[in-house]
Amino acid sequence: MKLEGYKLVFVAVGLIGVLLIASPALAGVIRLPGGEQFSELYLLGPDNMAANYPFNIAAGQNYSVYVGVGNHLGSSAYYVLYVKFGNQTDQMPNATPGTPSILQPLYEYRFSIQDSMNWESPLTFSASNASISGNNSQINTLQINDVAFNVDKPAMWDSNSTTFKYQLLFELWTYNSQSSAISYNNRYVNLSLNLTKTG
Amino acid sequence: MVSRCKLSSVSLLAILALSICFLNVYPAVAQADQTASKLQVASSAVEHAFSAVLDAEKAGANVTSLLDQYNGAADLLAQAENAYRTGDNHTAVNDADAALPIAQQVTTAAQPAQESASTSAQTAFWTTVAFTVEAAIVFVLVLFLVWRRFKRSYINSLSDAKPEVNSQ
């Protein structure tokens with residue numbers, strides 16, 4: 001190899017070396033795009049496993065589930081988790097436009113989570129003042145974590161699923177510090193319930 | 001005369017009944033409005049506190065303890081909202097009132113944490129830049145010296161290999 005060739009090798013080594021040495025300082029200036037940013041919402045059964053979810057419920061009995069949220073947004077986040085109660089005709093959230101259910105929230109959790117961390121809480125619920133008459137049923141009171149709510153929710157007999165179908169809906173909302181508003185995060189889980197006994 | 005008296009007394013009774021209704025209903029409405037207003041104030045304070053914590057975190061502060069404290073306020077606000085939905089205005093007001101000072105404490109504590117983290121981050125950045133510049137200069141100098149030595153030895157090896165010309 002000629003001297004000019006060696007010179008090019010030295011120049012290349014010099015440039016690569018300078019870039020490597022400057023990389024810690026460059027990392028402080030250049031912000032590379034991170035991975036996908038999202039929040040997760042999950043529901044577990046009474047044994048903290050994805051099994052044995054309550055389905056057939058009797059009035060006056062307590063049932064428990066675990067609800068959890070995972071933050072993968074790249075920074076801490078402030079969440080509001082709404083618990084809503086509906087029947088088979090009440091509309092669920094629509095994932096395509098990202099709109100929440102029009103049902104009014106009954107119960108709510110508020111908490112913040114650091115990035116890459118999870119939050120989990122047990123939730124106990126029971127129905128009371130319930131009635132079944134022919135093809136009609138009604139739950140008048142729903143108790144969530146020892147707080148009693150008047151729901152007065154009727155449900156017709158669903159011959160397809162052979163149930164008096166009720167739904168316990170969990171909707172995740174997040175606080176946006178840019179707009180200073182809490183908005184629906186387009187994440188929900190739904191627990192289907194069948195009223196079997198009025199207690 | 002008698003009918004006029006009757007009319008007056010009926011009117012008086014009607015006004016009295018309306019007043020009683022108004023007096024009975026109004027305190028309940030006023031109380032609900034007051035509770036809603038307290039919840040709104042607490043909610044704004046909690047949101048403001050979170051923004052302050054987030055700013056501190058973006059500046060590089062460790063916000064673990066601040067978020068623990070913050071979650072206390074957020075939980076009280078949630079309990080207040082839950083109580084309000086059941087019509088328990090007394091609990092709602094108490095919980096909202098309890099959440100407010102905690103949120104304000106978090107906001108107050110987050111601001112110096114953010115300033116301190118910003119200062120530390122700036123110092124760390126400029127220290128890194130200074131070390132980088134120094135290290136780069138040393139590296140280039142060493143490489144230059146190596147290059148000079150290499151070049152000399154290369155030329156020498158070429159000179160040694162060149163056949164000598166003998167004068168006659």
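What is the handedness of the crossing of α2(B) and α3(B)? The crossing is left-handed. The model is predicted.

## Chain B: overall make-up

Chain B holds three helices and zero strands. Read from the N terminus, its elements run α-α-α. Of the 168 residues in chain B, 26% are buried.

Contacts in chain B can also be sorted by separation in sequence. Take those between residues at least 6 apart: 75% of them join residues at least 24 apart.

α2(B) has 23 residues. From first C-alpha to last, α2(B) reaches 33 Å. That is close to the 33 Å expected at 1.5 Å a residue. Just after α2(B) comes B:Gly87, which takes a positive phi of about 90°.

How do α2(B) and α3(B) run, roughly parallel or roughly antiparallel? Their axes come within 8 Å and cross at roughly 160°. Angles over 145 degrees count as roughly antiparallel, and α2(B) and α3(B) are therefore roughly antiparallel to each other. The contact of α2(B) with α3(B) involves 18 nonpolar residues, six polar and one charged.

## Where chain B meets chain A

The interface joins 33 residues of chain B with 29 residues of chain A. On the chain B side, the elements that give two or more residues are α1 (2-58), α2 (64-86) and α3 (89-161). Which of them gives the largest share? The answer is α3(B), with 13 residues. By class, the side of chain B that touches chain A has 19 nonpolar residues, seven polar and seven charged.

One helix pair spans the two chains. Helix α1 of chain A, residues 3-29, packs with α3(B) at an angle of about 170°. The two axes lie 9 Å apart. The cut-off of 145 degrees applies again, so α1(A) and α3(B) are roughly antiparallel to each other. Their contact divides into 19 nonpolar, five polar and one charged residue.

## A:Gly86 in strand β4

A:Gly86 sits in strand β4 of chain A, residues 77-87. Is A:Gly86 buried or exposed? A:Gly86 has 20 C-beta neighbours inside 10 Å. A residue is buried if 20 or more lie within that distance, so A:Gly86 counts as buried.

Leaving aside residues up to four places away in sequence, A:Gly86 touches A:Leu103, A:Gln167 and A:Leu169. A:Val151 is 65 residues from A:Gly86 in sequence. In space, the C-alpha atoms of A:Gly86 and A:Val151 are 9.0 Å apart.

## Two asparagines with positive phi

Most residues other than glycine have a negative phi. A:Asn48 has a positive phi of about 60° although it is not a glycine. A:Asn186 likewise has a positive phi of about 60°.

Where do these asparagines lie? A:Asn48 is in the loop between β1 (38-44) and β2 (56-58) of chain A. A:Asn186 is in strand β10 of chain A, residues 181-197. A:Asn48 has 13 C-beta neighbours inside 10 Å and so counts as partly exposed. A:Asn186 is buried, because 20 other C-beta atoms lie within 10 Å.

Definitions and conventions. Residues numbered from 1 in each chain as written. Chains lettered and ligands numbered in written order. Predicted model: local features only at pLDDT ≥ 70, side-chain atom pairs only at ≥ 80, totals over all residues. Contact = placed C-beta atoms within 7 Å. Helix = DSSP H or I, 4+ residues; strand = E, 2+ residues; numbered from the N terminus. Nonpolar A, V, L, I, M, F, W, Y, C, P; charged D, E, K, R; others polar. Expected span 1.5 Å × (residues − 1). Axes fitted to C-alpha atoms, helices over the stretch in contact; angles between N-to-C directions. Parallel < 35°, antiparallel > 145°, perpendicular 65-115°, else oblique. Left-handed = near helix turned anticlockwise from the far one by under 90°. Buried ≥ 20, exposed ≤ 12 C-beta atoms within 10 Å, placed from the backbone.
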